[in-house]
Amino acid sequence: MKRLIHFCIFGLLLLVLNCNSSPQPIDYGNDGCHFCKMTIVDKVHAAEIVTQKGKVYKFDATECMVSFMKEFDTTQIKLYLSNDYNTPEALIDATKATFLISENIPSPMGAYLSAFKTKDEAEKTLAKKGGRLYTWDQLLVKLKG
């Protein structure tokens, strides 16, 4: 009986660990973009999707992540993440971010798209660099259109 209990506990532990739906660090210079296949090197514009089952898709730019979504069952996505412009390598919740499209800030795929953790940070950069601000939903409409 003890063996059965230990086996069940071990099985549950494995199940929980295998269903971990959390972000993974991007290995800049080694990881490839799941959409365009370029090596991810830009620490300011990278992005990541984590599915409900814990599978991670990495992208060299938020615009690649959005393009990937066109051919993916988005009901399976748990997290949409983009790098924070002001904190290179830091992934933030893209659905809560404010995005700036400014031709004065190049991004890897040429959309001039950057993500900011707060609207205030985005507005400060907008004042310096020009461009236009977007919420996540507005960005999806712009890029999918």
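Trainee: Is Tyr85 buried, partly exposed or exposed, and what is its relative accessible area?

Mentor: Buried means under 20% relative accessible area, exposed over 50%, and partly exposed in between (1.4 Å probe, protein chains only). Tyr85 has a relative accessible area of 22%, so it is partly exposed. This is a predicted model, in which local features need pLDDT of at least 70, side-chain atom pairs count only at pLDDT 80 or more, and totals for chains, interfaces and linings use all residues. Residues are numbered from 1 along each chain as its sequence is written, and side-chain values use heavy atoms, with hydrogens and water left out.

Trainee: How many aromatic pairs does a search of the whole structure find?

Mentor: A pair of aromatic rings is described by the distance of the centres and the angle of the planes. Rings of Phe, Tyr and Trp (its six-membered ring) pair if their centres lie within 6.5 Å; planes under 30 degrees apart count as stacked, over 60 as edge-to-face and the rest as tilted. The search finds 7 aromatic pairs. One of these joins Tyr57 and Phe72, edge-to-face, at 5.3 Å centre to centre with 70° between the planes. Tyr57 belongs to strand β2 (residues 56-59) and Phe72 to the loop between α2 (62-69) and β3 (77-84), 15 residues apart. Helices (H or I, at least four residues) and strands (E, at least two) are DSSP runs, numbered from the N terminus. Tyr57 is buried at 10%, whereas Phe72 is partly exposed at 22% relative accessibility.

Trainee: Which geometry does the pair of Tyr85 and Phe116 have?

Mentor: The ring centres of Tyr85 and Phe116 are 5.1 Å apart and the planes lie at 45°, so the pair is tilted. Tyr85 is in the loop between β3 and β4 (87-93) and Phe116 in strand β6 (residues 113-116), so the pair ties together parts 31 residues apart in sequence. Phe116 is buried, at 0% relative accessibility.

Trainee: What lies over the face of Tyr57?

Mentor: A charge sits over a ring if NZ of Lys or CZ of Arg is within 6 Å of the ring centre and within 35 degrees of the ring normal. Here Lys55 lies over the face of Tyr57, at 5.0 Å from the ring centre. Tyr57 also forms one aromatic cluster with Phe59, Phe68 and Phe72.

Trainee: Which residues touch the most other members of the largest nonpolar core?

Mentor: A nonpolar core is a set of buried Ala, Val, Leu, Ile, Met, Phe, Trp, Tyr and Cys residues joined through side-chain atoms within 4.5 Å. Of its 27 residues, Ile49, Phe59, Met65, Met69, Tyr80, Phe99 and Trp136 touch the most other members. Helix α2 gives the most to this core, with 5 residues.
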